[in-house]
Amino acid sequence: MRAYTYVERGRFELREKQKPGLLDPRDAVVRVTLGSICTSDLHIKHGSVPRAVPRITVGHEMVGVVEQVGADVATVRPGDRVTVNVETFCGECFFCRHGYVNNCSDPDGGWALGCRIDGGQAEYVRVPHADQGLDHIPDTVSDEQALFVGDVLATGFWAARISEIGAEDTVLIIGAGPTGICTLLCVMLKRPKRIIVCEKSPERIRFVREHYPDVLVCEPAECRDFVLRNSDHGGADVVMEVAGAADTFRLAWECARPNAVVTVVALYDEPQMLPLPDMYGKNLTFRTGGVDGCDCAEILQLIEAGRIDTTPLITHRFPLSRIDEAYRLFESKSDGVIKIAVECGK
C-alpha cells in the first residue's frame, strides 16, 4: 500500500509499505477513506517533535471503514464507518479513568498514531485499543463532516470544556487557523456574551467575518486595546491561545483580566517565558496540555444535530498520489488554504 513516510528531519516521502495487520486482540485495521494534514505533521517534519520515530507513516486526522477487528474488540465490526481518534488510550489506567487520555500509561497511549506508530496518511491504518479509538459515524453524517472529529475538533471541544466559560464572559481566541476555528465553533456552543478572534492573515479574517458574522475580529497589533474596549472588566474573562507564534503567549496573558483563565491550546516550536514579575497581581489560572480526545462520540452527535459544521474549513482536496503537493500548499498557507481533504484511495 502507499503510505506517506517520515524519512528524516525535513523529508517526507510517499512510499510502498506492507498493509498493516492485527498485532493485538484489541486492534482494528481501518481502510482510510479521507485524511487530512495537521500543523503537528509539520512540527514532525521540522524536527520539533523529538518522540516522532523515523520511517513511521505520518498522519493522525482520518476517517474510514473498519476492515478487520481483533478478538477482544466489542464496539466496532468490519464495514462500520468510523472516525479515528488522534489518541490511542487503554481506558483502564489511572489517567484514562480520570479522563486524561492524552496521558494514558499504556505503551501505545496518548498521541501515538503518526508519531510513534504508523498513522493514517495511507491506504490502511492499524488502530490499537480500537474500542476507545474508533467512533461510529452516524448514517446522516458524511466523511467530510466527520473528518476533523478525532483531532482538531476534539482539541477545540476539549479547550472549551476546560476553560470554564460562562454566559457573561468575553472570550478571546488568538489564532484563526484550523484549530482556532474549531475552538471557535466549540466556544460558540457555550454561548458567552462576546467572542473576539485575533488573527493577522487577511484571508482568515475574511473567512471568520463571512462565516461567523457575530464574532468580533481584530489584528494582533490592536488586540490589547480592542479587548479593553470590548470587555467589561479590563480584559477578557477567558483567553484561548491557539496560534503558537513567537509573541502570542505574552499577548494572551496581557489581554486577560485579573483572575482570568488562560488556556494554551497551541504547540510551540520554542520555549515560552513566564515573566512572573510582570504578571504579578493578575492572579491568572493557566490551563495547558495536549488534547484529551475522549469526547468524540458527543461531538459526532452535535454534528448530526446540525450544531457543529466544519465542512467550510475544507478548502482543497487532493488524492493521496499528490500528497507532496498538498503539503507544499498547506505549509505555504497560500491560495486561501485552511484544511485539505486527502482522498486516500486515489
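Is Phe12 buried or exposed? Phe12 is buried, with a relative accessible area of 7%; buried means under 20% relative accessible area, exposed over 50% and partly exposed in between, with a 1.4 Å probe and protein chains only. The model is predicted, so local features need pLDDT of at least 70 and side-chain atom pairs count only at pLDDT 80 or more, while totals for chains, interfaces and linings use all residues. Residues are numbered from 1 along each chain as its sequence is written, and side-chain values use heavy atoms, with hydrogens and water left out.

A pair of aromatic rings is described by the distance of the centres and the angle of the planes. Rings of Phe, Tyr and Trp (its six-membered ring) pair if their centres lie within 6.5 Å; planes under 30 degrees apart count as stacked, over 60 as edge-to-face and the rest as tilted. The whole structure holds 8 aromatic pairs. One of them joins Tyr4 and Phe12 edge-to-face, at 5.7 Å centre to centre and with 90 degrees between the planes. Tyr4 is buried as well, with a relative accessible area of 3%. Another pair is that of Phe207 and Tyr212: their ring centres are 6.3 Å apart and their planes stand at 65 degrees, so this pair is edge-to-face. Both Phe207 and Tyr212 are buried. Tyr4, Tyr6, Phe12 and Tyr327 make up one aromatic cluster.

Helices (H or I, at least four residues) and strands (E, at least two) are DSSP runs, numbered from the N terminus. After H12 comes Lys333, with a positive phi near 55 degrees.

Strands of a sheet pair through backbone hydrogen bonds, either parallel or antiparallel. Two strands pair if DSSP finds at least two bridges between them. E1 and E2 run antiparallel and are joined by 6 bridges; Glu8 has Arg11 in E2 as its bridge partner. The two strands form a hairpin with 2 residues between them, and Gly10 in the turn has a positive phi of about 85 degrees.

Elsewhere, 6 strands form an open sheet with parallel pairing, in the order E10-E9-E8-E11-E12-E13. Its edge strands, E10 (216–218) and E13 (285–287), each pair on one side only. From one strand to the next the twist averages 20 degrees. Helix H6 (residues 178–190) packs on the sheet, touching E8, E9 (194–198) and E11, and its direction makes about 165 degrees with that of E8. Axes are lines fitted to C-alpha atoms, for helices over the stretch in contact, and angles run from 0 to 180 degrees between N-to-C directions.

His129 lies in the loop between strand E6 (124–127) and helix H3 (130–133). His129 is buried, with a relative accessible area of 4%. Leaving aside neighbours within four places in sequence, His129 is in contact with Arg26, Asp27, Phe89, Cys90 and Asp106.

Technical notes
Contact means heavy atoms within 4.5 Å.
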